[in-house]
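Please look at the sequence and the model shown here before reading on.

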Amino acid sequence: MAASCIPSESAISKGSFEDNFSIMWSEEHFKTSEDGQIWYLSLDKETGCGFQTKQRYRFGWFSMKLKLVGGDSAGVVTAYYMCTENGAGPTRDELDFEFLGNRTGQPYLIQTNVYKNGTGGREMRHMLWFDPTEDFHTYSILWNNHQIVFFVDRVPIRVHKNNGEENNFFPNEKPMYLFSSIWNADDWATRGGLEKTDWKKAPFVSSYKDFSVDGCQWEDPYPACVSTTTKNWWDQYQAWHLSDSQKMDYAWVQRNLVIYDYCKDIERYPTLPVECSLSPWA
Ligand SMILES: *[C@@H]1O[C@H](CO)[C@@H](O)[C@H](O)[C@H]1NC(C)=O
């Protein structure tokens, strides 16, 4: 993979949980390993748990390793996302990874979505090529003014392009926090809500480590790093397109792992959204 498109591990700054995050709700459902390197969020019948970054960012590379709830996790959703605000406000921008649990031995699905000004409805669902409950895997977002790319273990699974015009689909104006949370979504998550959460299996625990950001940290009113001067790697040509080897990986994912793509759902969108005509290969 072209190293120039993606920061090398060594360029990445890491910090403790407290340096980077605060708990959004339910401290008692949050734990860390003794050395502080691994974080655990748990869900039981009472509630789940969530955390968020203290800082906001606009553009860059955002990455974390997650190991998802194993065993019978039907109904349980672990969300890992970026959002302009701490809530579901009507004008929020948001970039989502959601991991939809399943009955023991049945495959997890990963759902991604993009919101701009409060409008989402841009779901994609993928199968994974590994069991995400067995080990930590890396889930990352590349975000610049040209594209938003969702990566799993550095394989691009989804490319959301900008058309360079004022539009209603590409979030690029507002800085975002990064969040993660675990919650009960057995009204819709697993087989469309047919499979219910089995509370006898609680608590359900997702684990996290190696949070890293290489991007533009927001400072009011406007940090220098958001100006598109090509000074930063994410503002350089190589970060605006997939590399050749990324294109090959992406093609493989498209062929083999896509379960749902809103851009193919003409029953839902008789006129497909504008962004669906933008080529991920460009
Ligand atoms: C759960 O497993 C079933 C059966 O294999 C599958 O159809 C479904 O897509 C899986 N995932 C979710 C989130 O429903």
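## Asn102

Asn102 counts as buried because 21 C-beta neighbours lie inside 10 Å; a residue is buried if 20 or more other C-beta atoms lie within 10 Å of its own, exposed if 12 or fewer, and partly exposed in between, with C-beta atoms placed from the backbone. The model is a predicted one, in which local features need pLDDT of at least 70 and side-chain atom pairs count only at pLDDT 80 or more, while totals for chains, interfaces and linings use all residues. Residues are numbered from 1 along each chain as its sequence is written.

Asn102 is placed in the loop between strand 7 and strand 8 (109-115); strands (E, at least two residues) are DSSP runs, numbered from the N terminus. Not counting residues up to four places away in sequence, Asn102 touches Ser73, Ala74, Pro107, Tyr108 and Thr190, contact being defined as C-beta atoms, placed from the backbone, that lie within 7 Å. UniProt, in an unreviewed entry, lists Asn102 under "glycosylation site"; its positions are given in the numbering used here, feature names are shortened, and annotations may be inferred rather than shown by experiment.

## Surroundings of the ligand

Asn102 is also one of the residues around the ligand, together with Leu100, Gln106, Pro107, Leu109, Ala189, Thr190 and Arg191. A residue is near a molecule if its C-beta atom, placed from the backbone, lies within 6 Å of it.

By class, this shell has four nonpolar, three polar and one charged residues. Ala, Val, Leu, Ile, Met, Phe, Trp, Tyr, Cys and Pro count as nonpolar, Asp, Glu, Lys and Arg as charged, and the others, Gly among them, as polar.

## Residues of strand 7

Phe99 is in strand 7 (residues 94-100) and is buried, with 25 other C-beta atoms within 10 Å. Leaving out residues up to four places away in sequence, its contacts are Leu68, Val77, Thr78, Tyr108, Ile110 and Pro132. Between Phe99 and Pro273 there are 25 Å in space, C-alpha to C-alpha, and 174 residues in sequence.

The UniProt annotation "active site", from an unreviewed entry, covers Glu94 and Glu98. Glu94 lies in strand 7, and Glu98 is also placed in strand 7. Are these residues buried or exposed? Glu94 counts as buried because it has 21 C-beta neighbours inside 10 Å, whereas Glu98 has 19 and therefore counts as partly exposed. Apart from neighbours within four places in sequence, Glu94 is in contact with Tyr81, Met82, Cys83, Tyr115 and Gly120, and Glu98 with Val77, Ala79 and Gln111.

Eight strands form an open sheet with antiparallel pairing, in the order 1-4-13-6-7-8-9-15; two strands pair if DSSP finds at least two bridges between them. Strand 1 (21-25) and strand 15 (258-261) stand at the edges with a single partner strand each, so one side of each is left without a neighbour in the sheet. In general, strands of a sheet pair through backbone hydrogen bonds, either parallel or antiparallel.

Strand 1 runs antiparallel to strand 4 (residues 49-53), and four bridges join them. Within this pair, Phe21 stands opposite Thr53 of strand 4.

## Pairing with strand 14

Strand 3 (residues 39-43) pairs with strand 14 (residues 204-217) in the antiparallel sense over five bridges. Here Tyr40 has Ser207 in strand 14 as its bridge partner.

Strand 5 (residues 57-67) is likewise joined to strand 14 in antiparallel fashion, by eight bridges. Phe62 stands opposite Val213 in strand 14.

Methods. Two residues are in contact if their C-beta atoms, placed from the backbone, lie within 7 Å.
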